[in-house]
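Here are my notes on the model you sent over.

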Amino acid sequence: MNLRPLFLILLVLLFVFQKSACASSTEEADNRLKKAVGEVVAITGHAPDRKALQEGVKPILDENISFEAMTRRAVGPGWRQFTPDQQKEATQLFTILIIRTYTAKFTPGELPVVTFKTPVTPAPGRVEIPTTSSYKGSQYDVVYRMEEADSWRITDVVIEGVSMIANYRTQFDSEFKQGGAPAVINALKRSLASHS
Amino acid sequence: MKIRAFTMLTLLAGLFLFSGAASAAILGAAANGSAGDNDGNKAESKTSIAAADDLDEYSNVASVPDPIQPVNRGTFWLNHQLYRYILKPISKTYDKIVPSPIRRGIFNVFDNLEYPDRVVNDLLQWQPKRAGYETEKFLLNSTVGVAGLMKVSNHFQTLAALPRTDTGLTFAKWGCTHGCYIVLPIFGPKSARDTVGFAGDVALSPLFWFSLWFPSAAWMPAVSTPDSLRNLHDKLGAYDAATENTLDRYLAARSAYIQYRKQAELNQSRSK
């Protein structure tokens, strides 16, 4: 019996299945991001002040951002030298800083118009979703990097080519070289205290 | 007359000074190689063992030699005070007094007049097609857009999507790397390459030369040249976005600048 046609059909089916699985996965990330951004924009429109804005968006960001992955990558290889307690503390502090940084881009009461472009898949389990935000008369290119673990979560936000995580990485590197994990945690505490 | 002399002297002295500093810096950086990167490269060699790890993903995104960091930090501090106590209040007052559509119109007029800078750089980068689009954009905005007040070209996808170009990006296209990082007084973060490029951009600005010949146009360099008062609002916004909620403002601004320029290079190479 000649199995070649059957083998070919199976190969084609496998390819089609993989393509559609990848597309549906990307679509899932895309939908998740659209929902999250929509909710943040709605809260921005109603928030009376910055504090209310931060408190309002926190649950949405908690649900959609992987703060642990962000902290790990912002620290870099030095992360392995953190004890589990230090990792937990650094993540908690960095979470507050990320929420402040993200919400600082918005002014309560002013609505940005966000246009979503076609997502790109740089590697399996990773999606980059380019968007354009029109805000206060200017246009900004914002790329959301997402990764799939238990669900799709944001791991970096790149505004006009400037990656939030790469930016913190430079700063964490400098602190880590000066005094290891305690120096990073102290610097985070100092930064949060000075901006509160 | 006094204002004109002051503006001219400041601008020219600045340009010559920075061009000289940039040349010296390029030579210095070339001599030192990347050894001058106080923050990044030493750490990279120590941690190269983890190269395949996701923890190392961002290790090389924004590295640039910074051999004169103490001087740069001093200038950065001075600039920060200048932004905070002088330029920010000026920008806020300007925003309050001048309605947004008029501000946008003024911005557009001067942006349109930077056409020679863009078209010359397009040609220097051997991008005749892009130079053609720039010319089309200039003619359209100058005529239908009433002397550039309205950016009519934004209604056409090809013209709206044209990437911004400058002399620094032309040097990048020719293969020049950043050299070392320099913080210029008033103008802020630059690399050695972009500092020389900035001088080139000013030299290609028709308003700069116009103001040299006509005393009544002495104020023009202050608003027409790149990174000038015209861009103050956007520049301060970008500065705040990059340096608020940080552990070290200086490092944050340096990283943001280098990443931003890398993206500009990428946008140029993508556009044909």
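**Notes on the two chains**

1. Let's start with a turn: β5(A) and β6(A) make a hairpin with 2 residues between them, and A:Glu160 in that turn has a positive phi of about 50°. The two strands run antiparallel and are joined by 2 bridges, β6 being residues 162-163 of chain A. A:Ile159 sits opposite A:Val162 in β6(A). For the record, strands here are DSSP E runs of at least two residues and helices are H or I runs of at least four, numbered from the N terminus; two strands pair if DSSP finds at least two bridges between them.

2. Before going on, the ground rules. This is a predicted model, with local features needing pLDDT of at least 70 and side-chain atom pairs counting only at pLDDT 80 or more, while totals for chains, interfaces and linings use all residues. Residues are numbered from 1 along each chain as its sequence is written, chains are lettered from A and ligands numbered from 1 in the order in which they are written, and side-chain values use heavy atoms, leaving out hydrogens and water.

3. β5 (residues 152-159) is mostly covered, 6 of its 8 residues being buried (under 20% relative accessible area; exposed is over 50%, partly exposed in between, with a 1.4 Å probe and protein chains only).

4. Zooming out, chain A has 5 helices and 6 strands, in the order α-α-α-α-β-β-β-β-β-β-α. Chain B has 13 helices and 2 strands. Buried residues make up 46% of the 196 in chain A and 48% of the 272 in chain B.

5. How many residues of each chain meet at the interface? Contact (heavy atoms within 4.5 Å) involves 31 residues of chain B and 35 of chain A. The area buried between them is about 2,800 Å², with carbon and sulfur atoms giving 51%; that is accessible area (1.4 Å probe) lost on putting the two parts together, summed over both. B:Tyr58, B:Asn245 and B:Leu247 supply 31% of what chain B buries against chain A, more than any other three residues.

6. I count 0 salt bridges between the chains, a salt bridge being a Lys or Arg side-chain nitrogen within 4 Å of an Asp or Glu carboxyl oxygen. On the chain B side, α13(B) gives the most, with 9 residues.

7. Over all chains, though, there are 27 salt bridges. One of them pairs A:Lys34 with A:Asp30 (3.2 Å, N to O). These two are 4 residues apart in helix α1 (residues 4-46) of chain A, so about one helical turn separates them. A:Lys34 is partly exposed at 36%, whereas A:Asp30 is buried at 10%.

8. In chain B, have a look at B:Asp240 and B:Lys88, whose closest N and O atoms are 2.9 Å apart in a salt bridge. B:Asp240 is in α12 and B:Lys88 in α3 (residues 69-97), so the pair ties together parts 152 residues apart in sequence. B:Asp240 is buried at 17%; B:Lys88 is partly exposed at 27%.

9. Last one: B:Arg118 and B:Asp111 form a salt bridge at 3.7 Å, and both are buried. They belong to a salt-bridge network that also links B:Glu114, B:Glu134, B:Lys151 and B:Arg164.
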